[in-house]
Amino acid sequence: MNTIVAIVGRPNVGKSTLFNRLVQRRDAIVDSVSGVTRDRHYGKSDWNGKEFSLIDTGGYIVGSDDIFESEIRKQVELALEECDVIIFVVDVTEGVTPMDDAVAKLLRKSKKPVFLAINKVDNAMREENAYEFYNLGLGELFTFSAINGSGTGELLDALVKDMPKPVEFIDDEEKRKMELPRFAVVGRPNAGKSSFINALIGKERNIVTDIAGTTRDAIDTEYTRFGFKFNLVDTAGIRKKSKVSEDLEFYSVMRAVRAIEHCDVAILMIDATRGFEAQDQNIFWLAEKNRKGVVILVNKWDLVEDKETNTMKEFEAVVKREIAPFTDVPVIFTSTVTKQRLLKAIETAVEVFENKKRRITTSKLNETMLDIIQQYSPPAIKGKFVKIKYCMQLPTYTPQFAFFANLPQYIREPYRRYLENKMREIYDFKGVPITIYFRQK
């Protein structure tokens with residue numbers, strides 16, 4: 001198991017900039033406004049052949065009544081419980097502040113190795129000013145600049161010095177096989193995405209408030225319960241471009257879009273009290289366009305009043321009408337408050353992931369589909385008859401099929417949909433987009 005390193009400190013000292021540099025990706029949002037990082041953000045890094053996990057935390061604030069800042073304090077304390085080593089980041093340009101003293105006091109209580117890292121030290125004068133931080137009583141200090149990377153090598157040398165060496169070398173191909181499936185929980189702001197994840201794992205992993213847009217980064221959580229094992233990704237709520245007025249929210253939307261691009265299954269959560277709106281449809285087509293598995297969760301079902309026997313079926317019919325022609329998508333009605341059908345949602349997401357990996361042998365595919373094609377051939381165009389003679393599944397990450405014909409240019413979209421529907425009837429591709437190509441024989 002990798003050593004877990006938590007990056008902590010007061011707001012706006014450069015924690016997320018350091019995190020991004022160490023993971024070599026722009027995973028955490030960076031902005032001059034304090035309090036941007038709200039949830040714990042995870043990543044992996046390695047130095048001198050030793051790999052470790054990183055946690056980026058929100059700025060620790062003492063004595064504040066702000067709803068977000070009190071939640072950030074809880075998240076930092078959770079990160080300190082999870083980690084093995086702590087990097088305490090401070091700002092040389094502001095010197096030792098009362099808040100730095102408060103954080104240092106908290107870290108001394110933790111009794112875990114602490115590396116005091118003084119940021120923004122990019123000249124000799126600032127190097128001298130850094131000695132003031134010995135007053136925090138945390139031992140040796142390390143000066144660096146998160147922006148240009150100077151000094152980070154010395155910090156990392158000390159950080160990994162006592163870390164255990166990896167037991168064995170694992171090549172990239174083996175790592176890829178070992179990677180867990182990624183399920184991204186996406187949807188409009190305040191649909192209940194973070195509450196869904198918290199309810200599943202049984203603890204407050206992500207910050208939840210009544211304010212839309214609380215989640216800004218895409219947050220990974222490993223789920224290992226009830227025989228399942230995968231990564232859940234909580235994302236910022238996606239709004240229309242016209243509603244994204246704040247720079248931070250714009251970056252949050254980009255993180256959510258990227259989460260969809262890199263996931264295996266998108267769990268689209270919609271608010272039952274608002275219905276299936278145009279933005280829900282846009283998110284659905286974004287997942288479909290990226291050829292991702294899709295599960296639709298109609299959340300807050302407990303808040304829908306005057307429910308009757310057919311209410312659920314009628315709601316599902318409306319959703320399927322809006323997402324046509326790709327209607328072979330599971331729709332599950334949930335409530336994160338009453339925990340209604342949450343396990344069913346996870347079971348379905350796992351089924352969709354398995355469907356996405358399904359492979360059909362060429363012999364079986366031809367035996368089934370050529371018989372269907374013979375019963376209903378493509379319509380003749382301009383007196384020319386189209387004959388499909390052979391088909392196969394392509395060796396791609398998502399289900400894609402090639403049908404070889406004498407005149408593929410004459411096969412129209414309705415016949416393509418006919419073949420897709422027949423394949424869905426025979427083979428289980430529920431929740432998974434299918435791509436069919438017609439090629440010259």
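These are my notebook entries on what I looked up in the structure, which is a predicted model.

**Ground rules**

Residues are numbered from 1 along each chain as its sequence is written, and side-chain values use heavy atoms, with hydrogens and water left out. Because the model is predicted, local features need pLDDT of at least 70 and side-chain atom pairs count only at pLDDT 80 or more, while totals for chains, interfaces and linings use all residues.

**Entry on a three-stranded sheet**

I took helices (H or I, at least four residues) and strands (E, at least two) as DSSP runs, numbered from the N terminus. In which order do the three strands of the open sheet lie? I noted the order β13-β14-β15, with mixed pairing; two strands pair if DSSP finds at least two bridges between them. The edge strands are β13 and β15 (435-440), each of which pairs on one side only. Neighbouring strands of this sheet are turned by 25° against each other on average, direction ignored; for such angles, axes are lines fitted to C-alpha atoms, for helices over the stretch in contact, and the angles run from 0 to 180 degrees between N-to-C directions.

I then followed the join between β13 and β14, which run antiparallel and are held by five bridges. Q393 stands opposite F401 in β14. As background, I reminded myself that strands of a sheet pair through backbone hydrogen bonds, either parallel or antiparallel.

Helix α12 lies across β13 and β14 and runs at about 140° to β13. Helix α13 packs on the sheet and touches β13, β14 and β15, its direction making about 125° with that of β15.

**Entry on aromatic pairs**

I searched the whole structure and found 15 aromatic pairs; rings of Phe, Tyr and Trp (its six-membered ring) pair if their centres lie within 6.5 Å, and planes under 30 degrees apart count as stacked, over 60 as edge-to-face and the rest as tilted. One of them joins Y376 and Y418, whose ring centres are 4.8 Å apart and whose planes stand at 90°, so I wrote this pair down as edge-to-face. Y376 lies in the loop between α12 (362-375) and β13 (388-393), and Y418 in helix α13 (residues 413-426), so the pair ties together parts that are 42 residues apart in sequence. Y376 counts as partly exposed at 40% relative accessibility, where buried means under 20% relative accessible area, exposed over 50%, and partly exposed in between (1.4 Å probe, protein chains only).

Another pair is Y390 with F404, with ring centres 5.7 Å apart and planes at 35°, so this pair is tilted. Y390 lies in strand β13 and F404 in strand β14 (residues 400-405), so the pair ties together parts that are 14 residues apart in sequence. Y390 is partly exposed at 31%, whereas F404 counts as buried at 18%. I also noted that ring pairs link F183, F230 and F353 into a cluster.

**Entry on strand β7**

Why is strand β7 (residues 182-187) described as largely enclosed by the rest of the structure? Five of its six residues are buried, so the description follows from that count. Five bridges join β7 to strand β10 (residues 265-271), and these two strands run parallel. G187 stands opposite M269 in β10.

**Entry on salt bridges**

I found that the structure holds 14 salt bridges, each being a side-chain nitrogen of Lys or Arg within 4 Å of a carboxyl oxygen of Asp or Glu. E94 and R10 meet in one of them, at 3.3 Å from N to O. E94 lies in the loop between β4 (85-91) and α3 (98-110), and R10 in the loop between β1 (3-8) and α1 (15-23), so the pair ties together parts that are 84 residues apart in sequence. E94 is partly exposed at 48%, but R10 is buried at 6%.

R10 also forms a salt bridge with D100, the closest N and O atoms being 3.0 Å apart. D100 lies in helix α3, so this pair ties together parts that are 90 residues apart in sequence. D100 counts as buried, at 0% relative accessibility. Elsewhere, I listed D328, E420, R424 and K430 as linked in a network of salt bridges.

**Entry on cysteines**

How many disulfides are there? Taking a disulfide as a pair of cysteine sulfur atoms within 2.5 Å, I came to a count of zero. I looked up C263, which is buried at 2%, and C391, which is buried at 0%.

How values were computed: Contact means heavy atoms within 4.5 Å.
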